[in-house]
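Take a first look at the protein below. Then follow the text from the whole chain down to single residues.

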Amino acid sequence: MSMLDGHEAERKTREQIEAEAELFGPLTSSVRSLIDATVMTDAAPEHIVRARALVEEAAALLDSRRMSAPFGTKWSADGTRRSWGNAVIGLRNPIAPLLEVAYEDGLASAEADLGAAYEGPPGLVHGGVVALLLDQILGGAADHAGVPGMTGTLTVRYRKGTRLGPVRVTARVDRVEGVKTFAVGRVHTADGLCAEAEGIFVLPREVRDMVAEMGRPQ
Ligand SMILES: CCCCCCCCCCCC(=O)SCCNC(=O)CCNC(=O)[C@H](O)C(C)(C)COP(=O)(O)OP(=O)(O)OC[C@H]1O[C@@H](n2cnc3c(N)ncnc32)[C@H](O)[C@@H]1OP(=O)(O)O
């Protein structure tokens with residue numbers, strides 16, 4: 001599979017996209033609550049059995065018609081970009097903590113409330129989830145600065161356990177060296193700084209080749 005696959009131009013209007021967001025956003029939110037309830041439930045066995053039947057019925061309804069491929073990234077004529085399946089920010093993805101990333105003065109920042117579904121060590125966020133958030137926000141900072149790339153290397157230093165609950169993640173571009181963008185970021189909770197990261201984001205060769213090809217005179 002090429003890295004250019006999964007990017008798709010679409011002709012939907014802003015109103016159509018908003019209507020889709022209104023339809024799918026609440027579904028995702030309900031399933032996210034279901035995930036939390038599944039991890040945390042202490043209900044009676046007969047309630048678990050009944051819940052399972054209801055969940056299977058819902059899954060069958062949703063599965064009655066499927067997209068032919070994962071959501072990918074859809075680009076609208078007005079520049080709107082949707083990655084609704086994304087594992088961190090996807091509006092249609094209930095396992096995404098749903099970071100809403102804000103960009104200001106070169107700083108990307110987002111907050112998330114990480115519940116029991118993200119646990120690693122008791123009461124703490126799984127280290128892979130911490131890396132997941134950092135990967136996304138560092139990559140987002142690079143992208144927003146106009147120097148995007150695929151994650152080549154992500155180095156995370158875990159300074160202290162990240163307690164489950166509200167977290168704040170931030171990132172910015174540190175420097176650009178040719179096709180590599182170096183971004184740095186942090187994760188904070190009420191306990192203070194929990195993790196720091198540096199990422200190297202590389203604009204892939206095939207994207208570089210495509211850009212060079214487009215710039216060549218006909
Ligand atoms: C369109 C995107 C928008 C995307 C914008 C959206 C961002 C969202 C964030 C989500 C991020 C992800 O999850 S991304 C998914 C996880 N990552 C991946 O799957 C990437 C898998 N790896 C790859 O596709 C490839 O190995 C690449 C793209 C990383 C590099 O391949 P390449 O492009 O052929 O690289 P190549 O020409 O050999 O090298 C170019 C320069 O990069 C350096 N380099 C090569 N590999 C690495 C590396 N792993 N770590 C550090 N540096 C590296 C080389 O030394 C060289 O430096 P010099 O000689 O020039 O000094």
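Of the 218 residues of the protein chain, 21% count as buried. A residue is called buried if 20 or more other C-beta atoms lie within 10 Å of its own, exposed if 12 or fewer, and partly exposed in between, with C-beta atoms placed from the backbone. This is a predicted model, in which local features need pLDDT of at least 70 and side-chain atom pairs count only at pLDDT 80 or more, while totals for chains, interfaces and linings use all residues. Residues are numbered from 1 along each chain as its sequence is written.

Start with the outline. The C-alpha trace of the protein chain spans about 70 × 45 × 30 Å along its principal axes. The protein chain holds 4 helices and 9 strands. Helices (H or I, at least four residues) and strands (E, at least two) are DSSP runs, numbered from the N terminus. Along the sequence, the pattern is β-α-α-β-β-β-β-α-β-β-β-β-α.

Next come contacts. Two residues are in contact if their C-beta atoms, placed from the backbone, lie within 7 Å. Take the contacts in the protein chain with a separation of 6 or more: residues 24 or more positions apart account for 64% of them.

Now divide the chain. Its domain assignment gives domain 1 (1–94) and domain 2 (97–209); such bounds come from an automatic or database domain assignment. The centres of the two domains, taken over C-alpha atoms, are 23 Å apart. Domain 1 gives 10 residues to the contact, and domain 2 gives 14. The side of domain 1 that touches domain 2 has 8 nonpolar, 1 polar and 1 charged residues. Here Ala, Val, Leu, Ile, Met, Phe, Trp, Tyr, Cys and Pro count as nonpolar, Asp, Glu, Lys and Arg as charged, and the others, Gly among them, as polar.

Helix α2 (residues 45–62) has 18 residues and reaches 26 Å from its first C-alpha to its last, close to the 26 Å expected at 1.5 Å a residue. The expected span is 1.5 Å times one less than the number of residues. Helix α3 (127–144) also has 18 residues and reaches 26 Å, close to the 26 Å expected. How many residues of α2 are buried? The number is 0, so α2 lies largely in the open. In α3, by contrast, the buried residues include Val129, Leu133, Ile137, Leu138, Gly139 and Ala141. The cover over the buried residues of α3 includes β5 (107–114), β6, β7 (165–177), β8 (180–189) and β9. After α3 comes Gly146, with a positive phi near 85°.

UniProt lists residues 123–193 for "domain: Thioesterase", in an unreviewed entry. UniProt positions are given in the numbering used here, feature names are shortened, and annotations may be inferred rather than shown by experiment. In the model, the span 123–193 is 25% helix and 48% strand, and its end C-alpha atoms lie 17 Å apart.

Turn to the ligand. There are 18 residues around the ligand, and Gly139, Gly152, Thr153, Pro204 and Arg205 come nearest. A residue is near a molecule or strand if its C-beta atom, placed from the backbone, lies within 6 Å of it. The elements that give two or more residues to this shell are α3, β6 (150–158), β9 (192–202) and α4 (205–215). By class, the shell has 7 nonpolar, 7 polar and 4 charged residues.

Finish with single residues. Pro97 sits in the loop between β3 (81–82) and β4. Is Pro97 buried or exposed? Pro97 is buried, because 24 other C-beta atoms lie within 10 Å. Not counting residues up to four places away in sequence, Pro97 touches Val88, Ala112, Leu114 and Leu133.

Asp105 is in the loop between β4 (102–104) and β5. Most residues other than glycine have a negative phi. Asp105 has a positive phi, near 50°. Asp105 is exposed, because it has 5 other C-beta atoms within 10 Å.

Met210 and Val211 belong to helix α4. Met210 is exposed, with 12 other C-beta atoms within 10 Å. Met210 and Leu4 are 206 residues apart in sequence, but 9.7 Å apart in space, C-alpha to C-alpha. Val211 also counts as exposed, with 10 C-beta neighbours inside 10 Å. Val211 and Ala141 are 70 residues apart along the chain, and their C-alpha atoms are separated by 21 Å.
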